[in-house]
Amino acid sequence: MMNSIYVQDYYTFECDIWLVLICIFLLMVGAFMLYDIDGDGYISREEMMRVVSAMYRMIGNMVPLPVGEETPEKRVNKIFELVDTDQDGRISFREFKEGCRNDPSIAQGIALYDGMV
Ligand SMILES: [Ca+2]
Ligand SMILES: [Ca+2]
């Protein structure tokens with residue numbers, strides 16, 4: 001009896017983890033597509049600049065911006081430093097995905113509503 005409850009709990013737990021992972025993946029794909037404005041499969045510095053500038057305008061004074069990320073330029077430079085591992089000046093989905101996985105602060109930095117939730 002105890003055993004079946006345990007299994008059920010475990011199974012539920014597993015389901016939740018998968019759901020969370022799928023959600024994270026969809027969010028990442030969504031975020032990537034959002035940044036990749038021309039849809040060529042890479043995020044260029046200009047594309048990220050456009051989205052980040054729009055984000056900064058949108059969140060305006062609602063969210064205190066972290067030190068060193070007060071301007072869209074600074075944030076884009078920081079993201080590129082961390083994520084563009086082959087330094088070709090554009091971010092592939094693989095780099096994007098690995099960046100998010102290796103450092104949750106990047107995922108947070110890329111998230112649209114960073115600091116609002
Ligand atoms: Ca692109
Ligand atoms: Ca790259």
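**Figure 1. Confidence from element to element.** Helices here are DSSP runs of H or I with at least four residues, strands are runs of E with at least two, and both are numbered from the N terminus. This is a predicted model, in which local features need pLDDT of at least 70 and side-chain atom pairs count only at pLDDT 80 or more, while totals for chains, interfaces and linings use all residues. Residues are numbered from 1 along each chain as its sequence is written, and chains are lettered from A and ligands numbered from 1 in the order in which they are written. Averaged over the protein, pLDDT comes to 81, and 76% of the residues score at least 70. Over residues 113-117 pLDDT stays under 50, and the model has 6 contacts for them beyond four places in sequence; a contact means two C-beta atoms, placed from the backbone, within 7 Å.

**Figure 2. The run of elements.** Count them up and you get 5 helices and 2 strands. Starting at the N terminus, they go α-β-α-α-β-α-α. Of the contacts with a separation of 6 or more, 49% join residues 24 or more positions apart.

**Figure 3. The largest nonpolar core.** Ten residues are picked out here: Tyr 35, Ile 43, Met 48, Val 52, Val 76, Ile 79, Val 83, Ile 91, Phe 96 and Cys 100. Two or more residues each come from α2 (45-59), α3 (72-83) and α4 (93-102), with α3 giving the largest share, 3 residues. A nonpolar core is a set of buried Ala, Val, Leu, Ile, Met, Phe, Trp, Tyr and Cys residues joined through C-beta atoms within 7 Å. Buried means 20 or more other C-beta atoms within 10 Å of a residue's own, exposed means 12 or fewer, and partly exposed is in between, with C-beta atoms placed from the backbone. By that count, 12% of the 117 residues are buried. Tyr 35 touches Ile 43, Glu 47, Met 48 and Val 51, setting aside neighbours within four places in sequence.

**Figure 4. Helix α3 and its buried face.** This helix has 12 residues and reaches 16 Å between its end C-alpha atoms, close to the 16 Å expected at 1.5 Å a residue; the expected span is 1.5 Å times one less than the number of residues. Its buried residues are Arg 75, Val 76, Ile 79 and Val 83. They fall within an arc of 100° seen down the axis, so they line one face of α3; the arc is that of the directions from the helix axis to the C-beta atoms. Glu 73 also sits in α3, but is partly exposed, with 13 other C-beta atoms within 10 Å. From Glu 73 to Val 52 is 21 residues in sequence and 8.4 Å in space, C-alpha to C-alpha.

**Figure 5. Two sides of helix α4.** Phe 96, Gly 99 and Cys 100 are buried in α4. Their arc around the axis is only 95°, which puts them on the same side of the helix. Exposed Arg 94 and Arg 101 are on the face turned away from that buried side.

**Figure 6. Two positive phi angles.** Gln 87 lies in the loop between α3 and β2 (90-92) and has a phi near 50°, positive although the residue is not glycine. Gln 87 is exposed, with 8 other C-beta atoms within 10 Å.

Conventions:
pLDDT is the predictor's confidence in each residue, from 0 to 100.
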